[in-house]
Amino acid sequence: MSEIEDPGQLLEQRYGAGAAPAVVAVPGRVNLIGEHVDYHNLPVLPMAIQRSIRVAYRVRNDRQIRAASTVFGDRAFEWTAQLEPSAAGDWVNYVKAAAQAVEGKWHLAYGIDAAVVSDLPPAAGLSSSSALLVAFTLALLRANDVQATFEELMEVLPEGEYFVGTRGGGMDHAAVLAGRQGCALLINFAPITVAPVPIPKEWAFLVAHSLSNAEKSGAVKAEYNSRRTAGTRALVKLRLASFREAVEQYGVEELKHLAASRLDDEVERRCFLHVVTEAARVARAAGALERGDADEFALVLNAGHASVRDDLRISCPALDRLTEAALASGALGARLTGAGFGGCAVVFCHAADRERVAAGLVERYYSKHSGFDPAVHLMVATPSAGALFT
Ligand code: GLA
């Protein structure tokens, strides 16, 4: 993603020689199951991956924050108590979001000079934007000698993202912070807890890009946010206090019946159906993972894709064709991963079949589309450690 691979080198190049910089590395994540439910405080099951954003930084003795990227350009701003967002889509908004998030809780003294290098494709549903926010948050805190706990970080990070305009949940931040090597992470919200679940060695995941971009800070933002509000409106109409209460109190069939009989608005009904069925799928998938039941796990993944395609409607033809191509190539399961509206699919297969599935994807999907770069668009996703465990 960047010609310079060492963020320390970029830092020196831009801001001059000086004390050896510190480096923070934050991985991306791929969500295995539990899509568009974290913001309703329902559990999700992602894993951190081996690709990451790395930020080299040096503390300054004033309140300037300067950030260099060979890909996105260099930025600088004064770290005031109330920061104004820059133009929509500008990457500096994630740096400002980090500064704003930590300011409210820790009142830090000093800004930083920083340089960013990444091998995590942006706008792909792999959480590059949250990784950037988390990386700058950790850099600012560490530069000011603050060791924040996971729980403290989770108090400020999801809200921090609102600065950029996306009303997402806490899945991405939790996964990229607290992921464990070799494991998926079962995340519960309110209060936040994480439980690493080992992934059997015989299982493999590929992340395949649809070549259709999911630009979350762009036009798709409103679509993303609208799924959240539709689900919440459905809850209110059903006089349910929360989705958590709903799934704890009623079975899936009861909830489906409730939706069919009491929700007139089609969008609200479909969003509600997705959320309550997805909650059941996360529980089933976590059980299947613990037992090493690949067939059951795959069934759940495939049902998850059908739900985001038909009920939540966040898929797109490219992602539907891609998941079909994966299954036709010998994958056990495939579903879109992340916010949707483009981006990546997660493809699940036996480790022994990985090469065959990847080759099949090239033949059945990528050979028919232009712009395919195997180094960027098709990768093996290795369950990796989050930023707090590296
Ligand atoms: C984005 C958000 C997450 C989550 C996913 C969808 O990645 O940042 O909080 O809502 O979309 O599951």
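Is Thr277 buried or exposed? In this predicted model, Thr277 has a relative accessibility of 11%. Buried means under 20% relative accessible area, so Thr277 counts as buried. The residue belongs to helix 9, which covers residues 266–291. Leaving aside neighbours within four places in sequence, Thr277 is in contact with Val252, Lys256 and Ser307.

**The chain as a whole**

The chain contains 13 helices and eleven strands. Its radius of gyration is 21 Å, close to the 21 Å that the globule rule gives for 390 residues, so the chain is as compact as a globular protein of that length. Taken along the principal axes, the box filled by the C-alpha atoms is roughly 60 × 50 × 35 Å.

Of the 390 residues in the chain, 59% are buried. The chain exposes about 15,400 Å², and carbon and sulfur atoms supply 51% of that area.

Among contacts between residues at least 6 apart in sequence, 74% join residues at least 24 apart. A separate pair shows how sequence and space can be set side by side: Val376 and Gln100 are 276 residues apart in sequence, and their C-alpha atoms are 32 Å apart in space.

**Nonpolar cores**

Which residues have the most contacts inside the largest nonpolar core? They are Phe136, Phe205, Phe272 and Phe297, in a core of 104 residues. Helix 3 (residues 128–143) gives this core its largest share, eleven residues. Apart from this core lies another one, of 31 residues, with Ala204, Ala326, Leu336 and Val357 among them.

Phe272 can be followed in more detail. Not counting residues up to four places away in sequence, Phe272 touches Ala234, Leu235, Leu238, Leu240, Phe243, Leu255, Ala259 and Leu263.

| Residue | Relative accessibility | Class |
|---|---|---|
| Thr277 | 11% | buried |
| Ser127 | 6% | buried |
| Val376 | 21% | partly exposed |
| Ala190 | 44% | partly exposed |

Val376 lies in helix 13, residues 374–377. Its class follows from the cut-off: buried means under 20%, and Val376 has 21%, so Val376 counts as partly exposed.

**Backbone details**

Most residues other than glycine have a negative phi, and most peptide bonds are trans. Against that background, a few places in the chain can be pointed out.

Ser127 has a phi near 75°, a positive value in a residue other than glycine. This serine is found in the loop between strand 5 (112–118) and helix 3. With a relative accessible area of 6%, Ser127 is buried.

Where is Ala190? Ala190 sits in the loop between strand 6 and strand 7. Its phi is near 50°, again a positive value in a residue other than glycine. At 44% relative accessibility, Ala190 is partly exposed.

The peptide bond from Ala190 to Pro191 is cis, with omega near 0°. Pro191 is placed in the loop between strand 6 (183–188) and strand 7 (193–198).

Technical notes. Residues are numbered from 1 along each chain as its sequence is written. This is a predicted model: local features need pLDDT of at least 70, side-chain atom pairs count only at pLDDT 80 or more; totals for chains, interfaces and linings use all residues. Side-chain values use heavy atoms; hydrogens and water are left out. Helices (H or I, at least four residues) and strands (E, at least two) are DSSP runs, numbered from the N terminus. Buried means under 20% relative accessible area, exposed over 50%, partly exposed in between (1.4 Å probe, protein chains only). The radius of gyration is taken over C-alpha atoms; the globule rule is 2.2 Å times the number of residues to the power 0.38. Contact means heavy atoms within 4.5 Å. Accessible areas come from the Shrake-Rupley method with a 1.4 Å probe; for residues, only the protein chains shown count as cover. A nonpolar core is a set of buried Ala, Val, Leu, Ile, Met, Phe, Trp, Tyr and Cys residues joined through side-chain atoms within 4.5 Å.
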